[in-house]
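Hi,

Here is the structure I promised to send over. Have a look first, and then read on for what turned up in it.

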Amino acid sequence: MSNNNCRYLEVLDLGRNKFFDEFPHWLGNLPNLHVLILQSNKFHGSIVTSTTKFPFPMLRVLDMANNNFTGPLPIKYFKSFKAMMNVDEHFDLEYMGTRRYYDSLTLVIKGSTIEMKKILKVFTAIDLSRNKFQGEISRIIGGLNSIQGLNLSHNSLTGHIPESLGNLTKLEWLDLSSNKLTGEIPRQLTNLTFIRMLNLSLNCLTGPIPRGKQFNTFLNDSYIYNLALCGPPLCNTCGNPKATQPPLSTFEEEDSEPVSGFGWEVILPGYGFGLVVGLVMGYLMFSFGKPQWLVKVVEGVGNRNEKRLKSNARRRGGRRN
């Protein structure tokens, strides 16, 4: 495909196909590309920056969710996303497309899949969720101060949540769940006065949860499975030694073997067998009365026990004499 034939392309949606390839970095040469959707394919490998000096100069929406990308986040691309920085709020609201045909797309917004029939040219979002990205979240992302949605969930990201994310004052949803993030939640995030959805669950975060503004509206679901977080809305009280211990290998529990060699897979069959035998015996006794063989066994055991008791009594009496 020649770049000259696509110079006026604004929206490219290749989502939900079976593309098996590396990141198509040559798309960065398209000067008018506003929306790039690559979600739910089989793209893989590290994202190598193109040789273009300023790739994706007009990009406002990037959705690469549910692929097999690896390596660090594409920080060099983030630096060139000029259309996600300092967007003028005062120009007339326009939709991508023409009067006869408007571009549309489907995104996971605030935890729900939403189809947008029309795309405002001021709409900006990044979704890199459900890949295999590693490394830290760079503070460079804090420079994309016009984005409305950021989803980096279900990766293998480590390190702290950068304080610079507090600069994303137009952010409406932030999802960093299901990673390996550590450290405290930056208090600067309370500056996100437009945020309506926050998900930091399933990480290794520690310390008190910041309070104030929109953070006072978030419930347990935003923070669960961070065993060392404390303070409202969680039940863990800050200052409790048990609450401040680092979590136990949260991400290894699914694949780990039981600590004891005597696990539930052994115990449960025994309980099941005993329950079945008890029910069968109870049913027989209720339906047919006492089975004679059972009476004989019980009486035999009782007679033996009685004889043993009498013998022991005689021995003790003989010793006293």
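How many cavities of 30 Å³ or more does a search of the whole structure find? There are two. Keep in mind as you read that this is a predicted model.

Let me start with the second largest cavity, which has a volume of about 40 Å³. Its lining is made up of F23, I47, F56, L62, M64, P74, Y77 and F81. Sorted by class, that comes to eight nonpolar residues, with no polar and no charged ones.

Now the aromatic rings. Searching the whole structure gives 11 aromatic pairs. One of them is F19 with F43, a stacked pair at 6.1 Å centre to centre and 25° between the planes. This pair links distant parts of the chain, 24 residues apart: F19 sits in the loop between β1 (11–13) and β2 (35–37), and F43 in the loop between β2 and β3 (44–46). F19 is partly exposed, at 36% relative accessible area, whereas F43 is buried, at 4%.

F69 and F133 make another stacked pair, 6.2 Å centre to centre with 15° between the planes. F69 belongs to strand β5 (residues 68–71) and F133 to strand β9, so this pair ties together parts 64 residues apart in sequence. Both of these residues, F69 and F133, are buried.

If you step back, ring pairs join F19, F23, F43, F56, F69, Y77, F78, F81 and F133 into a cluster.

Of its two partners, C230 is buried, with a relative accessible area of 3%, while C238 is partly exposed at 36%. As for other cysteines, C6 is buried, with a relative accessible area of 10%, and C235 is exposed, at 74%.

S138 is placed in the loop between β9 (132–136) and β10 (149–151). Leaving aside neighbours within four places in sequence, S138 is in contact with I75 and P162.

Cheers

Conventions. Residues numbered from 1 in each chain as written. Predicted model: local features only at pLDDT ≥ 70, side-chain atom pairs only at ≥ 80, totals over all residues. Heavy atoms only, no water. 1 Å grid on protein atoms, 1.4 Å probe; cavity = no way out; pocket = protein on both sides within 12 Å on 5 of 7 lines; lining within 4 Å. Points joined across faces, edges and corners; volume = space filled by probe spheres on them. Nonpolar A, V, L, I, M, F, W, Y, C, P; charged D, E, K, R; others polar. Helix = DSSP H or I, 4+ residues; strand = E, 2+ residues; numbered from the N terminus. Contact = heavy atoms within 4.5 Å. Buried < 20%, exposed > 50% of the residue type's maximum accessible area, 1.4 Å probe, protein only. Phe/Tyr/Trp six-rings, centres within 6.5 Å; stacked < 30°, edge-to-face > 60°.
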